[in-house]
Amino acid sequence: ADNNPIVKLWHWMNRRVYRDAVAVITLGRHMAARLTRNYPLDKKWLYVIPPWVDVEQIKPMSYGENPLLKSFNPDGKKVILYSGNMGLSHEIDSMLEAAKLLRGRKDLLFLFIGGGEKWQDAVDFQKDNDLTNLQVLPFQPEERLPYNMSLADIALVALDDGAEGLMIPSKMFYYMAAGAAVIGICKGENDVSEIIRHSRCGVIIDPKNPKKMAEVIGDLAHNIEVLNRFKMCARNSAKESYSREVCTKSLRTTLLPLLNQ
């Protein structure tokens, strides 16, 4: 609550920091808009530079290039991937219910990789419902990241309720670099939905709607032409707008003039 002393102190400190800053760099346009609404920021000193991904390390891989495919997906099913934290506020329950609704689709495999408070819930859900179309794995070693990401045909990105304008899940850019279609689970206007629309790399659905999620996943897996177009657009957008080369160049262009003042 805004009347909380800690919140008041936080806002006071932020106002002083932003007032004295020669520049403020944020990750998305909606983040920038939120800052200008909440603090007296001069827009000419506010810059948007998104997270970036190494598109040479994270990239699409064929069956022969990715050693994990043979063990995780030997039958060549369409993989729906969620990778990352499974915290109490995360939209894991709807994803699990969508997997349950699609249990009859033998061409689909849901793969959850991560940890957190709901990780064991996901493990128990798979066992209790005897879902052969769902695998739940712990966090994998970092050196496996390029292989984990390239497993996905469809990737799930959820934005927590209330986090609109406050965060962008960085894994979304890894999914895109790996050439996965993206399903953004979020509400209202935010940076996740804007990036998906601008990149034309996927679909946006409201949270807490497993039936709609299952419908979208099922349709994409059935319509290979649309799925492949989303996957191609995701990879192209990652290279053109969110690669390390592009974004660090923007950062240098922004910072160097400021440092020379």
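Helices (H or I, at least four residues) and strands (E, at least two) are DSSP runs, numbered from the N terminus. The structure described here is a predicted model, in which local features need pLDDT of at least 70 and side-chain atom pairs count only at pLDDT 80 or more, while totals for chains, interfaces and linings use all residues. Residues are numbered from 1 along each chain as its sequence is written, and side-chain values use heavy atoms, with hydrogens and water left out.

**The largest pocket**

A pocket is an open set of points on a 1 Å grid over the protein atoms alone, where a 1.4 Å probe fits and protein lies on both sides within 12 Å along at least five of seven lines; its lining residues have an atom within 4 Å of a point. The volume is the space filled by probe spheres set on the points, which are joined across faces, edges and corners. The largest pocket has a volume of about 350 Å³. It is lined by 19 residues, of which S83, G84, N85, F139 and K171 are the closest to its centre. Two or more lining residues come from each of β3 (78-85), α6 (145-149) and α7 (171-177). Strand β3 contributes the most, with four residues.

The lining can also be sorted by class: Ala, Val, Leu, Ile, Met, Phe, Trp, Tyr, Cys and Pro count as nonpolar, Asp, Glu, Lys and Arg as charged, and the others, Gly among them, as polar. On this basis the lining has 10 nonpolar, six polar and three charged residues.

**Salt bridges**

Side chains of opposite charge can pair when their charged atoms come close. A salt bridge is a side-chain nitrogen of Lys or Arg within 4 Å of a carboxyl oxygen of Asp or Glu. The whole structure has seven salt bridges, including those in the table.

| Pair | Closest N to O |
|---|---|
| R244 and D54 | 3.5 Å |
| K212 and E215 | 3.6 Å |

R244, in helix α11 (residues 244-259), and D54, in the loop between β2 (46-48) and α3 (67-72), are 190 residues apart, and their pair links distant parts of the chain. Relative accessible area describes each residue's setting: buried means under 20%, exposed over 50%, and partly exposed in between (1.4 Å probe, protein chains only). R244 is partly exposed at 45%, and D54 is partly exposed at 23%.

D93 is partly exposed at 45%, whereas K118 is buried at 9%.

K212 and E215 both belong to helix α9 (residues 210-222), where they are three residues apart, about one turn of the helix. K212 is partly exposed at 34%, and E215 is partly exposed at 43%.

**Backbone angles in two loops**

Most residues other than glycine have a negative phi. D130 has a positive phi near 50° and is not a glycine. D130 lies in the loop between α5 and β5 (134-138) and is exposed, with 57% relative accessibility. K208, also not a glycine, has a positive phi of about 55°. K208 is placed in the loop between β8 (202-205) and α9 and is exposed, with a relative accessible area of 68%.
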